[in-house]
Amino acid sequence: MAQEPTQSSLVQGTLDMIILRTLALEPMHGYGIGVRIEQISTGVFQVNAGSLFPALRRLERDGLIKGEWAATENNRRAKYYSLTAPGRARLKQGTRDWEVQSAAIARILQASMGEP
Amino acid sequence: MIALLRRTAGRLRGLFHRKHEERALDDELREYVEASVAQHMARGLSREEAVRAARVALGSLDAVKEAVRDVGWETLADAACQDVRHAVRRLRSRPLTSLAAIGMLGLGIGITTAMFAIVDALLLRPVPFRDADRLAQVVMHDEHGGGGDVARPVLRAWKETPVFEAVEGHHSTTSLIESGDRLVERPTAVVTRGLFDMLGVHPIRGRGFEEGEGRAGTSDRVVISEDLWRSAFGADPAVVGSHITVNREPLTVVGILPADFRFPTAKTELWRPIDYEAPPPDAMARPTALVRIAAGIPEADVLRVAANVAHAADPSTNRLQAFTRPLAGAYRDTYLTGAVPLLTGGVLLVFLVLCANVSSLLLERFTSRRREFAMCSALGASRGRLFRQALVESAMFGTLGAATGLAIAWGLVGVTRGFLPESFLLQTLNPLNVDYRAIGAASLSGFLATAAAGVLPAWVGTRMNAANSLRVVERGGTETRAARSVTRALLVGEIALACALLVGATLLVRSFVNLAQVDRGLNSRGVVTAWITFSKSLDDSAARTATAAVLEDGVRHLPGVTKVALSWGLPPGGGGISFGDWRPDTAGAAPVSLVVDRYWVGADFFDLYGIPLLAGRTFRPEDTSGQVIVGQRLAAALWPGTSAVGRRFTFLTQHFEVVGVAKEINHPSIDVRQDHPEFYEPFTAGGTRVMISIRCGSACPDAPLIRRRLTELSPDVRVIDVRPLDSVYFKQLATPRAAAAMGFAFAAVAIVAAASGLFTVLSYGVSRRRREFGIRTALGSSPAQIRGLVLRDGLTVALAGVTIGSVAAWWLARGLASLEYGVTPADPITWSIVFGVIGVTTMAACWRPARQATHLDPVMLLREE
């Protein structure tokens, strides 16, 4: 973990996409989302509450996710977020854009590294 | 679309349920911490350690909440509310400077708005009717000009042309209206039925004209103006449907038009119907055509079609072309084209001065609050947030200033309507109100004032780095450099503008004084003039002249009257104007082309007015109409260097013989071409009007007595107007007086504003530099030296301002050249007045701050630390 991405390098759009991706599988509460992102990225992305909650609020405002209060596994109440139809559409669109961009970036990086 | 709605709804909910949302956020974060704790405990940490770890991972709970709140604009609105509340508190914490700032902004916005209303009425929108750009008068001219009217068949033919959406006709006349025992004369228009609809005016009472009205037998209807209704008929609602006597003829009032409606002239107060298809026998033959051009047709096509149609309908127009003329604003005099734009410039200058002043006032406010800003900044407020807060405070001043300004504008426009010279008001059909356009102008100038006066202080005032500014505040040393240079630059600008305005105003005032002091060549003091009109029964000149003689004799016996003279007018009113070639009887002399005023005067005229005869004699009863008395200028033009008495001259087919030469009469006008040479013919009552001049000894009989006496003397006489001659002359100078008064008012406002700006800035400077002055005093500076420091500061600013201002003033003075009378831009008196006034004002503004600086006790100051 020599080159850990810093918070600021995690651009806003990326975090939004990661959250949407995480919620695509199942509804989750805030802490769960943070943990899941860390797990999936094998510890590369660590999302703290100061970034996570504003992002959740933003996505909720824009109607991409919706929050509902529900009981947790240890019988407490937490706000569970799930994807809405527009959120699903945005995720699909975003994933496609991301793939195109990252493939292009990867090609550029590989090409320049291949030069003597 | 739906998403957008949902989002907006969510945001609104967010705004209204803030408390609820806050609670939900709290719950959610608590849950987050709990989950985190549980996780840590699952890894084997004790509860306490787990809570600690979770807290560390979370960081500041408040920071998270703040970050969440910052999402979306509802927080922006929230912050704005906060800013406004803060600004209101700030406003009230220093009421005096707040009031001063709002007052100055209000004054600036007020005069700007009022000036806009005037410019709008006079120049921008002189025709305030629906789709005014498609309304026009159509005339048939050739290259030498032509009449403004057309033959009836042409009007009829134009009505059938598709290029015109509507065609109406009208002509103007005047009417004598009887109201009680008084007779008032009012401009009158005879109009076709559809004209009111075409202009989009609706009667406030009664109705307009109907189909079939304006023919023989139905032309005895009349619509009157609201003004006439109020002034002559006491606003009696029963007037509608009743009879009034106009030109000795009973007419039925069918409606009353609103006071704001002005057509075809600004003063028209009576409208009578006419149907040009079947007009009453005594109707005017040729109407003036007023058209609404169909939308979307190029003007060239319209005019071509109109000309062709007119040629077919009236063969006498075959060689003429069609032209359009605006309904108003086509003819503009020197003052309108010269003075109004200059006054507008003056107003903008005053506006700028006031904005600059408010700007320095706000700068002083903001810089004196550096400690507060520094504190906020140290507590984590961003520069943007502080700037926004300061800007909201400025905008508050702008808004309150605009509201004050609107009230001031409303008052000013009311005053202006009464005070603006008639010659201005006659050039527009716009009633000159604070209408929605003026309100728009007020809002815009409020916005501009905020931008001009608020942004700079907010920027400079909130610029700091926390460490530095905290230190500066603690030491309370000298003025901050940025604030200092900005305020000084603003002051230099203010004084420069005030200087330019002062020069302009002084020139205008001096021009007015010169105009008022012009030797008219006659003595008007103690003279009352009465205009009378003869009834139609006296239809011959000899009968009228005989009746006039009876009147002259009758008035002579009124108490206090010493002299009476008959005339048809007196410069510059009445009389006739003849222009063309005047041929003297000198052998071989070329004709002289001149514009000459002609007056018909009785034998006592010269004596009554104290006009000396330089040669020859005055009129005798046996003089015939060819025998004349010429003025000096005409005599000199026709017979240069020789005596004119006994000589003859010819104008067109008329022959004249000179029996005397009178001293020239001047009438003051900035346009010297208006002052024509004149000559006099023996009095005959050629027209239906006569002026009776009455000179009195100690006191004149009052107007009603003269009026009554005249009507008693002859049943065929109506009195139009009785008034002192000086009041007529006073009115004549209304335009230059208005220009001088306005210029003076603007300059006064500007100079007072600049002085108070200088005072504020210097006082503030002294209060900032108390410590410095204290140390200087402690080190042995004398009070005179300290005072010198402050005075030098003020005088440097003033000197720079005057230097720049003089250059600007020179330009302004040259721009004013067309309005100057008897002064030049280089007038030494004007410039000494200006420099004197600015010097004295500067000294007055510097004096108190300078004294304050010397009255500081160094021991007290050092103890303040």
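Q: Helices (H or I, at least four residues) and strands (E, at least two) are DSSP runs, numbered from the N terminus; in which helix of chain B does B:Thr404 lie?
A: This is a predicted model, where local features need pLDDT of at least 70, side-chain atom pairs count only at pLDDT 80 or more, and totals for chains, interfaces and linings use all residues; side-chain values use heavy atoms, leaving out hydrogens and water. Residues are numbered from 1 along each chain as its sequence is written, while chains are lettered from A and ligands numbered from 1 in the order in which they are written. The helix that holds B:Thr404 covers residues 383–419 of chain B and is H13.

Q: Is B:Thr404 buried, partly exposed or exposed?
A: Buried means under 20% relative accessible area, exposed over 50%, and partly exposed in between (1.4 Å probe, protein chains only). With a relative accessible area of 29%, B:Thr404 is partly exposed.

Q: Which residues does B:Thr404 touch, not counting those up to four places away in sequence?
A: The C-alpha atom of B:Thr404 is separated by 7.3 Å from that of B:Gly110, 294 residues apart along the chain. Contact means heavy atoms within 4.5 Å. Leaving out residues up to four places away in sequence, B:Thr404 touches B:Ile102 and B:Gly106.

Q: How is H6(B) oriented to H15(B)?
A: Helix H6 (residues 95–124) and helix H15 (residues 436–461) of chain B pack with their axes 9 Å apart, at an angle of about 140°. Axes are lines fitted to C-alpha atoms, for helices over the stretch in contact, and angles run from 0 to 180 degrees between N-to-C directions. Angles under 35 degrees count as roughly parallel, over 145 as roughly antiparallel, 65 to 115 as roughly perpendicular and the rest as oblique. The angle therefore makes H6(B), relative to H15(B), oblique.

Q: How is H25(B) oriented to H26(B)?
A: Helix H25 (residues 783–815) and helix H26 (residues 828–854) of chain B have axes 9 Å apart and pack at an angle of about 155°. That angle makes H25(B), relative to H26(B), roughly antiparallel.

Q: How many nonpolar residues does the contact of H25(B) with H26(B) have?
A: Ala, Val, Leu, Ile, Met, Phe, Trp, Tyr, Cys and Pro count as nonpolar, Asp, Glu, Lys and Arg as charged, and the others, Gly among them, as polar. Residues making this contact include B:Pro783 and B:Leu791 of H25(B), and B:Trp831 and B:Phe835 of H26(B). Beside four polar and one charged residues, the nonpolar ones number 18.

Q: What share of the residues of chain B count as buried?
A: In helix H24 (residues 770–778) of chain B, B:Arg771, B:Glu772, B:Phe773 and B:Gly774 are buried. For chain B, with 865 residues, the buried share is 49%.
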